[in-house]
Amino acid sequence: MARTIHNNHERFIETYCQPYPGYFFTGDGAYRSPKGYYQITGRLDDVINVSGHRIGTAEIEDVVNQCPAVAESAVIGYSHDIKGQGIYAFVVLKKNMKIKEEDLYKQLNSVVSEKIAKYACPDFILLVKRLPKTRSGKIMRRVLRKVVESDLDSLGDLSTLDDPAAVQEIIEGHAKISMK
């Protein structure tokens, strides 16, 4: 465990020891299921500012993942001229799940609106077969942001991805959404 930040011990204390006195704050969110299992929900500092409302991407993903058709999701913020940031959701459906895209979008927006708020509803929902992940299973949100920002020249090193072909699928899917 870290014990300080080089040349800035006070910052270390403020960041990791003061948010929750008596506990070390890692910056990751988690919850414990009724059966005692821990589920890591993601970084607590990964927030989107939508029309002045700060909301964590993990909060939105948690609600989207409660939809019976959804296997997993990733949510990112993107620049929006009016709201400051908009919400873009990448959704992987469960295998053999048959649902019309239009019905799924309505269902997802309804559940997000009900459990969080209307402003937290995704502006864009892209259905994908898989998300870009490292071999250890971490979703590479920086890659998703670069695709949405159309900054494909600076995607960075993709050799750490479990399946680099997932990125090409997302690029193609985003291009279709952008043309609508």
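Hello, and thanks for coming. First, some ground rules. What you see is a predicted model, where local features need pLDDT of at least 70 and side-chain atom pairs count only at pLDDT 80 or more, while totals for chains, interfaces and linings use all residues. Residues are numbered from 1 along each chain as its sequence is written, and side-chain values use heavy atoms, with hydrogens and water left out.

Let's start with the whole chain. Its secondary structure comes to five helices and seven strands. Reading from the N terminus, the order is α-β-β-β-β-α-β-β-α-β-α-α. The C-alpha atoms fill a box of roughly 50 × 40 × 35 Å along the principal axes.

Of the 180 residues, 33% count as buried. Buried means under 20% relative accessible area, exposed means over 50%, and partly exposed is in between, using a 1.4 Å probe and protein chains only. The chain exposes about 11500 Å², and carbon and sulfur atoms supply 50% of that area; the areas come from the Shrake-Rupley method with a 1.4 Å probe, and for residues only the protein chains shown count as cover.

What about contacts, meaning heavy atoms within 4.5 Å? Among those with a separation of 6 or more, residues 24 or more positions apart account for 51%.

There is also a record to mention. An unreviewed UniProt entry annotates residues 59-138 as "domain: AMP-binding enzyme C-terminal". Positions there follow the numbering used here, feature names are shortened, and annotations may be inferred rather than shown by experiment. Over that stretch the chain is 26% helix and 32% strand, with end C-alpha atoms 17 Å apart.

Now back to my opening question. Helix α5 covers residues 165-179, and at 1.5 Å a residue it should span 21 Å; its end C-alpha atoms are 22 Å apart, which agrees. The expected span is 1.5 Å times one less than the number of residues.

Which residues of α5 are buried? They are Ala166, Val167, Ile170, Ile171, Gly173, His174 and Ile177. A handy piece of background: an α-helix has 3.6 residues a turn, so residues three or four places apart point the same way. The cover over the buried residues of α5 includes β6 (84-93), β7 (124-128) and α4 (141-148).

Let's zoom in on His174 in that helix. Its relative accessible area is 9%, so His174 is buried. Leaving out residues up to four places away in sequence, His174 touches Tyr88, Leu126, Val147, Val148 and Ser150. The side chains of His174 and Tyr88 are joined by a polar contact of 2.8 Å. That term means a pair of N or O atoms within 3.5 Å; within protein, one must be able to donate a hydrogen and the other to accept it, and residues adjacent in sequence count only if both atoms are side-chain atoms.

Ser150 is not a glycine, yet its phi is positive, about 60 degrees. At 58% relative accessible area, Ser150 is exposed. Asn7 is another non-glycine with a positive phi, about 65 degrees. Asn7 lies in the segment before α1 (9-17) and is exposed at 70%.

Last topic: salt bridges. The structure holds seven, each a side-chain nitrogen of Lys or Arg within 4 Å of a carboxyl oxygen of Asp or Glu. In one of them, the side chains of Glu61 and Arg141 meet at 2.8 Å, N to O. Glu61 lies in helix α2 (residues 57-64) and Arg141 in α4, so this pair ties together parts 80 residues apart in sequence. Glu61 is buried, at 6%.

Asp123 forms a salt bridge with Lys83, with the closest N and O atoms 2.5 Å apart. Here the partners are 40 residues apart: Asp123 is in the loop between α3 (101-115) and β7, and Lys83 is in the loop between β5 (70-80) and β6. Asp123 is partly exposed, at 31%.

Finally, Arg130, Asp163 and Glu169 are linked in a network of salt bridges.

Note on methods:
Helices (H or I, at least four residues) and strands (E, at least two) are DSSP runs, numbered from the N terminus. Contact means heavy atoms within 4.5 Å.
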